[in-house]
Amino acid sequence: MNYRLHTHFSAGDSLIHRLDPRTKIIVTLCFTILVVSTPPNHLLAFVVFAGLLSWVVAAARIPLLHIVWRAAAVLPFSVLAACWLPFLREGPVLQLGQGLVELSVTGLWLFVGVVIKSFLGASAAILLASVTPFHVLLTGLRRLHMPAILVDMLTLTYRYLFVLWEEAVRLRRAAAARGYRPRWLGQALLVGRLIGQLFMRSYERAERVYGAMVLRGYRGEMPIGQTLRLSTLDLIILAFVPTLLVGVRTLLR
C-alpha cells in the first residue's frame with residue numbers, strides 16, 4: 001500500500017487546505033449533524049447540501065470522482081442496514097405486483113433518507129481527510145480537547161495500518177510460493193492460519209513499539225510540536241457556514 005497515494009491531495013495548496021484544521025473539523029461536524037437531522041422528505045435541502053459539498057470539493061481542486069467513489073463504499077452497508085424499513089406496517093402503503101408486495105411509504109422515505117445521509121456524511125469525512133494531512137488533523141483534534149488516548153490510538157492505527165498491510169501481503173506471497181491455491185475447502189483453511197500468524201506478529205510488534213515509546217518518555221500523551229492559530233478567515237467561516245447550514249436545514253423542504 002503506497003503511503004503517497006493517501007497524502008497526494010492533502011498536500012495541496014488551495015484556500016481550503018490552508019484553513020485551520022479545527023475550523024475544518026467543526027464545519028464538517030456541523031454539516032454531518034445537520035444532514036443527519038434533516039427529515040428524509042426534504043429533498044431540496046439534500047440537493048443544496050450536496051451542492052455546497054461539491055463547491056468545496058471544486059475549491060479544494062480535488063476530483064469529484066475521488067470523493068464520490070470512496071463515499072460510495074458505504075452504500076452497500078447503508079442499504080443492508082435499512083432494507084427492512086420499506087416493509088414497516090405504518091402509514092400509507094404502496095402496492096406492487098397487484099398487491100403481492102406492500103411497501104410502506106413512510107418506510108421508503110426513511111430508507112431513502114438513510115442512504116442519502118450516509119453518502120453525504122461519508123463524502124464530508126473523506127473531503128476532510130483529503131484536504132488535511134493526517135498529523136495536522138490529529139493536532140486539531142487534540143486542540144479541540146479530544147481525549148489524548150483516542151488521538152494516540154488513531155495515530156498509531158494510521159501509522160501501522162500500512163505496516164500490517166505489507167505484512168499480510170508478504171504472508172500471502174509466501175503461501176503462494178509454497179503452492180497455496182484456494183480452490184477447495186481444505187486449502188481455504190490456511191486462511192485462518194495466516195490470520196492467526198498476522199495477529200501474533202501484530203501483537204508482538206505492538207509490544208515492542210510500546211516498550212520503545214516508554215523508554216523514550218511516553219507517559220500516556222504524545223507531545224504536540226505544531227502550534228495552531230485561527231485566522232480572520234477561519235473566524236468568518238466558523239460564524240457564517242454553520243448559520244448557512246442551519247438555514248438550509250430549517251427553511252428548505
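**Notebook: salt bridges, spaces and loops**

I began with charged pairs and found Asp-20 and Arg-22 joined through their side chains in a salt bridge, 3.0 Å from N to O. The model I am reading is predicted, so I note that local features need pLDDT of at least 70, side-chain atom pairs count only at pLDDT 80 or more, and totals for chains, interfaces and linings use all residues. Residues are numbered from 1 along each chain as its sequence is written, and side-chain values use heavy atoms, with hydrogens and water left out.

**Entry 1: charged pairs**

I took a salt bridge to be a side-chain nitrogen of Lys or Arg within 4 Å of a carboxyl oxygen of Asp or Glu. By this rule I count 2 salt bridges. Besides the pair above, I found Arg-18 bridged to Asp-13, with the closest N and O atoms 3.3 Å apart.

Are Asp-20 and Arg-22 buried or exposed? I looked it up: Asp-20 is buried and Arg-22 is buried, whereas Arg-18 and Asp-13 are exposed. I use buried for under 20% relative accessible area, exposed for over 50%, and partly exposed for in between (1.4 Å probe, protein chains only). Of the 253 residues in the chain, 31% are buried.

**Entry 2: the fold**

I counted 11 helices and 2 strands in the chain. Helices (H or I, at least four residues) and strands (E, at least two) are DSSP runs, numbered from the N terminus. Along the sequence I read the pattern α-α-α-α-α-β-β-α-α-α-α-α-α.

**Entry 3: a pocket**

I used a 1 Å grid over the protein atoms alone: a cavity is a set of points where a 1.4 Å probe fits but cannot get out, a pocket is an open set with protein on both sides within 12 Å along at least five of seven lines, and lining residues have an atom within 4 Å of a point. Grid points are joined across faces, edges and corners, and a volume is the space filled by probe spheres set on the points.

The second largest pocket has a volume of about 570 Å³. Of its 23 lining residues, Ile-16, Val-27, Trp-55, Val-56 and Val-241 are the closest to its centre. Helices H2 (21-37), H3 (43-59), H6 (105-131) and H11 (232-251) each supply at least two lining residues, and H11 gives the most, with 6 residues. I sorted the lining into 20 nonpolar, 2 polar and 1 charged. Here Ala, Val, Leu, Ile, Met, Phe, Trp, Tyr, Cys and Pro count as nonpolar, Asp, Glu, Lys and Arg as charged, and the others, Gly among them, as polar.

**Entry 4: a cavity**

How many cavities of 30 Å³ or more does the structure hold? I found 1. The largest cavity is lined by Val-163, Leu-164, Glu-167, Leu-198, Arg-201, Ser-202 and Arg-205. Helix H8 (148-177) and helix H10 (190-215) each give two or more residues to this lining, and H10 has the largest share, 4 residues. The lining of the largest cavity divides into 3 nonpolar, 1 polar and 3 charged residues.

**Entry 5: positive phi in loops**

I noted Arg-61, a residue other than glycine, with a positive phi near 60°. Arg-61 sits in the loop between H3 and helix H4 (64-71) and counts as exposed at 60% relative accessibility. His-145 also has a positive phi, near 65°. I placed His-145 in the loop between helix H7 (134-143) and H8; His-145 is exposed, with a relative accessible area of 72%.
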